[in-house]
Amino acid sequence: MFSSYDGLCGIGELAERAGVSVKTVRFYSDSGLLPEVSRSAGGHRRYGPDSLERLRLIRSLRAMDLPVPSVRRILDEEDTAGRAGGALEDAVAGQLRALGTQLRALRWREAALRLVQECPPDERADRLRLVGAVTAPPNTAPLARFWRAWLPPRMPARSVTAFLDIAVPQPPEDPATAQVLAFARLYAFVDRPCGGTEPTQPHAHREAGARDSAVLYAGLAQAYTLAAERMRAGSEPHQGEALDGFVEAYASAGGISDTPRFRRELARRLAADPRIDRYWELTAELISPPEGRPEPTPGSAHDWLLAALHAQQGIALPAQRPGRARS
């Protein structure tokens, strides 16, 4: 209760009790957040007994960086229902999401700065240009565009999305400097024509239609997942469920039976396909724990399966040409 005879108070007393400036109280009043009860004969604002608690609530909400429109929705809900509910929950959740993005960006900027600081002085300018081209937090949209241009045309959107989920690596929340460098190099890699002047599309792309492409990449995704499990366990390439699923993906897409002859032809054809090795090498550096075992990627899983297929057929693996890229 205020000390005045009518139970109201002026803007100065309200500001003093709430621990804010008169200018702040005036701003909230003019914004409609803190309605005045009346005006004095001299035109001064007068506030009711509940204004102090309302002002303290407004101050608390604003201290969490909630914007004025969000504060207004919370106050309206409290005026209507007698308590803050969904509007407050939504506002807090939104702030937490925004804060998470800001913290992630700061962690990436810190790692990028350390990367520049720790490299030899004569490399700092180039390193700065490389990491400076990447937003913080990093945006994977350029990687997705790279693969959309690489995939067979007219693939169903659902199949494209499923492939992007495994082909586009998600940068770590709290990166090491080496992971920042790997992403920056990956970003630079996809920013240029894929494979330079060499062909970049595997043979299967030229044969498969929209439906067959969806069948092919769904089957390959399952085979890569199985192969990755074997790779994490330290298994050498071998026959089994993963290899069978790998071959079946190509056979089903081409409407061909899985026969020994088909496997021999597939082994030779895949060995001649264009590759994108650098993409997968950088992806492994990005997603693997620092100083830990490299995490399997679709590219390394493909190589594991191809090695298993060659071993089954008794075909020696061809030596890689410099600059070849893995599909």
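How are H7 and H8 oriented to each other?

1. The structure is a predicted model. Helix H7 covers residues 141-150 and helix H8 covers residues 157-167. Their axes come within 10 Å and cross at roughly 130°. An angle from 65 to 115 degrees would count as roughly perpendicular and one over 145 as roughly antiparallel, so H7 and H8 are oblique to each other. The crossing of these two helices is right-handed.

2. On the H7 side, the contact is made by Ala144, Trp147, Arg148 and Trp150. On the H8 side, Val160, Phe163, Leu164 and Ala167 take part. Sorted by type, the residues of this contact are seven nonpolar and one charged, with no polar residue.

3. A second pair is formed by helix H11 (residues 210-232) and helix H15 (residues 298-313). The axes of H11 and H15 come within 9 Å and cross at roughly 85°. H11 is therefore roughly perpendicular to H15, since angles of 65 to 115 degrees are put in that class.

4. From H11, the residues in this contact are Ala223, Tyr224, Ala227, Arg230 and Met231. H15 contributes Pro298, Ser300, Ala301, His302, Trp304 and Leu305. Eight of the residues in the contact of H11 with H15 are nonpolar, two are polar and one is charged.

5. The model also has an open sheet of three strands, in the order E1-E3-E2, and the pairing is antiparallel. Strand E1 (9-10) and strand E2 (38-39) are the edge strands, each pairing on one side only. E1 pairs with strand E3 (residues 45-47) over two bridges, in the antiparallel sense. Cys9 has Tyr47 of E3 as its bridge partner.

6. Confidence should be read along with the geometry. The average pLDDT of the protein is 88, and 91% of the residues score at least 70. Among the elements, helix H14 (residues 277-287) has the highest mean pLDDT, 96, while strand E5 (residues 325-326) has the lowest, 38.

Technical notes
Residues numbered from 1 in each chain as written. Predicted model: local features only at pLDDT ≥ 70, side-chain atom pairs only at ≥ 80, totals over all residues. Heavy atoms only, no water. Axes fitted to C-alpha atoms, helices over the stretch in contact; angles between N-to-C directions. Helix = DSSP H or I, 4+ residues; strand = E, 2+ residues; numbered from the N terminus. Parallel < 35°, antiparallel > 145°, perpendicular 65-115°, else oblique. Left-handed = near helix turned anticlockwise from the far one by under 90°. Contact = heavy atoms within 4.5 Å. Nonpolar A, V, L, I, M, F, W, Y, C, P; charged D, E, K, R; others polar. Pairing = 2+ DSSP bridges. pLDDT = per-residue confidence, 0-100.
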